[in-house]
Amino acid sequence: MSKLGQVVESVENYNKFVLDQVKRARTDEKFGRELLGRWNDVKAKIPTTRTPTGLPLPRLALPEIDEPGEIARYLFGEGLPGEFPYLNAAYREMYLEPVREIESFEKNAGKAETKIPQLEEPTRLFSGLMLAEDTNERFHYLTRHQRTHRLSTAFDGPTLYGIDSDADGVFGKIGEGGVAIDTVEDMVRLYDGFDLGSANFSASMTISGPAPIIMAMYIAAAKRRFGPKVVPKLRGTIQADIFKEVQAQNETIFPIEPSLRFLTDMVEFTTHEMPRWYPISISGYHIGEAGSTPVQQAAYTLSNGFAYAEMFAGRGIPIDQFGPRLSFFLDCGLDAEYIALARVSRRIWAIGMREVFGAGQRAQLLKLHTQTSGRSLIAAEFKNNLTRTAAELVLAYMNATNSCHSNSADEPFTTPSEEWIRLAAHGQAILLEESGIFKHTMNMLSGSPGMKAVERAVEAAILDEFREIERLGGVLAAVEERYQRSQIQNAAHRYEQQIYNGTRPIIGLNRYRDGDEEIPEVKLARTPRSKQQLQVDRLAKFKKKNAEKATGALDKLAAAVERGENCFPMLLEAAEVCSLGQITGRLQEVVGRFRPMV
Amino acid sequence: MASPIRILTAVPICDGHDSAINTINLEFIRHGIEVIYLGYHRSVSDIVRAAIQEDVSAIGISSYNGGHIEFFAEVIGLLRKKGADDIKVFGGGGGTITHDDAVIMKRKGVDEVFFAGTSLEEMVRFVHQRYGKSRTKRPRPKSFDQQLAHKLSEIEDAYAKGKRPTRLRDATAWQALNAQRPTSKKKIRNSRGARVIGFTGPGGAGKTTLIDELVLRFLNRSPKGRIAILSHDPSVVGEGALLGDRATMINSQDDRVFMRSMATRGQAGGLSPATQDCLALLADSNFDHVIIETVGTGQEAMPFRKNGIVDLTTLVMNPDYGSRLQLQKIVMLDLAEIVVVNKSDLQRARTAHAEIEQRLEQNRRNQHLVDTVAKRHRDPGVDQLFELISNR
């Protein structure tokens, strides 16, 4: 049985354990009294907060139960926020206003003069456009009101496929849909003006196929600006999720096994040298966007996560070292499953990590970034997308996501423009800061009978998917048989059919469509030819300058790969003097190219 | 009856968005269209080369990652340069292509741009109306690939109308024409020139991957050599076909490789009614090797036997063929010169090798048995198979 099969068993066993505790609480009087005592104790310690209208509310809401069996079901089955199995939240208070903010409000008799800053905003806005300096400008614009600088970077097509801007036939793609990065010099420009070693800064990079190469360039750029001592201080995330690329997003550049090996090389390096870095973001987002059902999204993402954990542990990296550095990324759309999808995922992850991998508390936490669904946004009557995204945001925060990106309404046509980005960001602020839904009370919307019904149905369906993958021989075997791909494609096909035949209502598209097509007048963020040419020219200059050194670095890299040793240190050297395409090309000579799956 | 409409679909380079095109492909084939699917992340030259070799009526491009104005224009430009502008271009891409973009794209020669919300029926109707007429007046071919592609279409069209193609009468003239073309060093084994190697075996055994890996070795070994591939996929009963072998081939997208995808068009046995004549034409066309791949086949007799053009037959097996009894039923095991157990990294491969070896020994025909892992880069088993095929 693979680890995934053991995860299924561990969840089943845990559910049995919960039922046993319920029974025991009802029959074993002493145990029942203990639970009741603990429950009353927890309730007594909950602080009270006051809303702006003066309404007193507890900072944590709990079900109104006083029967030991039900208390056991809650405490063991769901856990308080921040307690195993973390159904309600990974942390105790999530988005609540800090207590001192309320106190200062009261002290000033309702006049909030001294707004004390929160520690961290959960807002993350994904951006990347044109050349490095253009994205850099956008980053500065986006963070100008933010206390913390959390940058989330989108790369253009050539970068995502590990090829250079001067490659045959990619000219029109330079800087489209993300930023063009060819060399360490671009990487220096990209984050210029930000203090990469500061605790208030982190960089997130959404790239998987060439992730180890881009990671090496980031480190090289940081060293150029701040010296070698900055490396252990670097904070951020790189996506580096190979499985989901093969299953859904199609941005794989090496065959699966060497791709996984390069990934493990990088994880081994960052775990030791960059303890604050998240070297992989296990992503369901693209699985969801490729058209999977929400259950497939969660099931494939979690099973991919367990497969990575097994692989990294197999390399000898201790689970409690890499476990807390794994992070997750899920899609949030409008289907009913999303009411509890991330909640259930967090619970399964915690149980599996604890029971099967023997992980400690920090490695049990599924730390989640959510993005609202891009697929749910449409071009027709596009302003409706604001409402779609707002509803998805509510769902995402009901699932206690740790961070969130809200899509811009103009995303169906273009890289989001500033106007719509601002609205998307403000949507989150309105929800978290202006509205009282999430800032006063934990569990404000948790635990409704409907939510519990969704939780049970979703968990059962995810475990069924796990069993099927296990039957096929585990995640890697199932991927090679293209099981997940074919399931996702079937679901996508059904989704499209439903839209076309109207059984899936899309307002403004197949229902309540107002006559002629409204042609959206949005300002398009297209990359001018002159900028594309500038990128090509810069690259040529870089290649010319480093021609001699590049050959040596590439030879050393290839030799390390052939020897089968951890090649990341050689990648770091190569990143100083080689372009992305040069490195990709050389690695492909050694390990081959990815053969597309259809 | 006229031949089904043949179109090529693809997603541009640096773009992996294949969800829409997968759905559209399925809709097309259900409505009688033969779709050669090239896959995602494909360059302009790959698309144009494939379109010319496959002699499609039109190319459908699904683009989501931007740069579409340039990309579509480059495809049209290259088609013109190659004298193949009878191949039309249409496409779409959700909301990333704006109405303004579409105006520019149409001005540059794109037939139609579909936006988000276009129904599948509308796209099918468009293809039938716009590309449904048979192409009677063909432009004068500008390249050998194009000339060969037109000839192959004539053969397929003739069979679709229930006639024997006229090509056979001028076979000698064709040979003479081709004899003038320069080729690499020759190891000609028969009067026709090329060595014809047949690949057959059950679906999912990895024939296409194996062929693509052999092509890589051939291209590396013979810097001027040329190779032709005739690949088959089944037609949906009485309707279109999804010809998808190109999508998983990474090494065969090369100017020295001529590939043609054929639908079986209702014929059982893994080949098309037009196969024999098409294969004969390719064998006469001065390639070093001609590779023919059947659709995934069952236990029935050898598909190549009756036409006699194939010089060497390779049966590709999956280790998971079932019991030893099943093995006894596979007629092709008696007829193939080379038997390949692909996916030999699977657990069952060792047993499979032993069982097949025993079965081949009973035949006493000096058949070769090779274990390969075609998906692995530089697989020694594939090297061995390549040597066997090159030297036999």
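Student: How many residues of domain 1 of chain B are in contact with domain 2 of chain B?

Tutor: Contact means heavy atoms within 4.5 Å. Here, 20 residues of domain 1 of chain B are in contact with 20 residues of domain 2 of chain B. This is a predicted model, where local features need pLDDT of at least 70 and side-chain atom pairs count only at pLDDT 80 or more, while totals for chains, interfaces and linings use all residues. Residues are numbered from 1 along each chain as its sequence is written, chains are lettered from A and ligands numbered from 1 in the order written, and side-chain values use heavy atoms, leaving out hydrogens and water.

Student: Where do the two domains of chain B run?

Tutor: Domain bounds come from an automatic or database assignment. For chain B, that gives domain 1 (6–131) and domain 2 (195–391).

Student: How much area do domain 1 and domain 2 of chain B bury between them?

Tutor: Buried area is the accessible area (1.4 Å probe) that two parts lose on being put together, summed over both. These two bury about 1700 Å², 45% of it on carbon and sulfur atoms. On the side of domain 1 of chain B, B:E34, B:R49 and B:Q53 lose the most area to domain 2 of chain B, together 34% of what that side buries.

Student: And what is the count of salt bridges between domain 1 and domain 2 of chain B?

Tutor: A salt bridge puts a side-chain nitrogen of Lys or Arg within 4 Å of a carboxyl oxygen of Asp or Glu. The count between these domains of chain B is three. Take a look at B:R49, too: this residue forms a salt bridge with B:D255, with the closest N and O atoms 2.7 Å apart.
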